[in-house]
Amino acid sequence: DRPLGTPGQHPDSRFQLVVNVDSSVFRMPLCLEAALEPSADMVVVTEARSPFRIVHVNAAWTRACGYSAEEAIGKTCAMLQGPGTCADSVRRVREAAVAGASITVQLLNYTKDGRPFLNTLCINPLQPPALPGLQQPAAPWHYVGVSKPHFVDSATVRALEAGAVRPAP
């Protein structure tokens, strides 16, 4: 058993396996080419620089979130935030992105029509291939977020929005 967000081996080196909060496992793309492949998991690709505008969402993301790709591209993932979204978790995501680091968080997000869902989100920088003689890793070209939504009952949403319960870190 690996902790939440811990990577594991995948037969295709363009991916790593990640354990989700519900113990399901999904493929985390490690390059842009892999991130653009069809997937049953929600996938969002953003620019590597603030404000981290969306450049790609897959069909699973559009179905779960209710926004078309055309509505999402050029916007930021803040479009999914609402009254119960934990500001501390959002801050941690931003800090990880600025640092070029991977992070796994659980957020209370909202669909286009306002339906709340717990979003276990794994974010990974997509970096260019290593260049011979390069001392430091290259800066990320994009970020990819992979997630599975967990639609929750109204009592859980009220508790999260009131701050009585916090999503898992």
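A search of the whole structure, a predicted model, finds 2 aromatic pairs. One of them joins F52 and Y143: the ring centres are 6.0 Å apart and the planes stand at 80 degrees, so the pair is edge-to-face. Planes over 60 degrees apart count as such. F52 sits in the loop between β4 (42–47) and β5 (54–57), while Y143 belongs to strand β8, so the pair ties together parts that are 91 residues apart in sequence. Both partners are shielded. F52 is buried, with a relative accessible area of 11%. Y143 is buried as well, at 3%.

**Around N124**

Leaving aside neighbours within four places in sequence, N124 is in contact with M28, P29, L30, S102, H142, Y143 and V144. N124 itself is placed in strand β7 (residues 116–126). Its relative accessibility is 9%, so N124 counts as buried; the cut-off for buried is under 20%.

**Helix α4**

Helix α4 covers residues 87–99. At 1.5 Å a residue, its 13 residues should span 18 Å, and the end C-alpha atoms are 18 Å apart, which agrees. Which residues of α4 are buried? They are S89, V93, A96 and A97. These cover an arc of only 100 degrees around the axis, which puts them on the same side of α4. The face turned away from that buried side carries the exposed residues A87, V98 and A99. Cover for the buried residues of α4 includes β6 (103–110), β7 and β8 (142–151). Strand β7 is also where N124 lies, and β8 is the strand of Y143. After α4 comes G100, whose phi is positive, near 75 degrees.

**Salt bridges**

How many salt bridges does the structure hold? The count comes to 4.

| Pair | N to O distance | Relative accessible area |
|---|---|---|
| E71 and K112 | 2.4 Å | E71 29%, K112 44% |
| R91 and D88 | 2.2 Å | R91 38%, D88 32% |
| R91 and E95 | 2.8 Å | R91 38%, E95 45% |

The E71 and K112 bridge links distant parts of the chain. E71 is in helix α3 (residues 69–72), and K112 is in the loop between β6 and β7, 41 residues apart. E71 is partly exposed at 29% relative accessibility. K112 is partly exposed too, at 44%.

The other two bridges in the table involve R91. R91 and D88 are 3 residues apart in helix α4, so about one helical turn separates them. R91 and E95 also both lie in α4, 4 residues apart, again about one turn of the helix. How accessible are its members, R91 among them? R91 is partly exposed, with a relative accessible area of 38%. D88 is partly exposed at 32%. E95 is partly exposed at 45%.

**Putting α4 together**

Helix α4 has a buried side with S89, V93, A96 and A97. A87, V98 and A99 are exposed on the face turned away from it.

Note on methods: Residues are numbered from 1 along each chain as its sequence is written. This is a predicted model: local features need pLDDT of at least 70, side-chain atom pairs count only at pLDDT 80 or more; totals for chains, interfaces and linings use all residues. Side-chain values use heavy atoms; hydrogens and water are left out. Helices (H or I, at least four residues) and strands (E, at least two) are DSSP runs, numbered from the N terminus. Buried means under 20% relative accessible area, exposed over 50%, partly exposed in between (1.4 Å probe, protein chains only). Contact means heavy atoms within 4.5 Å. The expected span of a helix is 1.5 Å times one less than its number of residues. The arc is that of the directions from the helix axis to the C-beta atoms. Rings of Phe, Tyr and Trp (its six-membered ring) pair if their centres lie within 6.5 Å; planes under 30 degrees apart count as stacked, over 60 as edge-to-face and the rest as tilted. A salt bridge is a side-chain nitrogen of Lys or Arg within 4 Å of a carboxyl oxygen of Asp or Glu.
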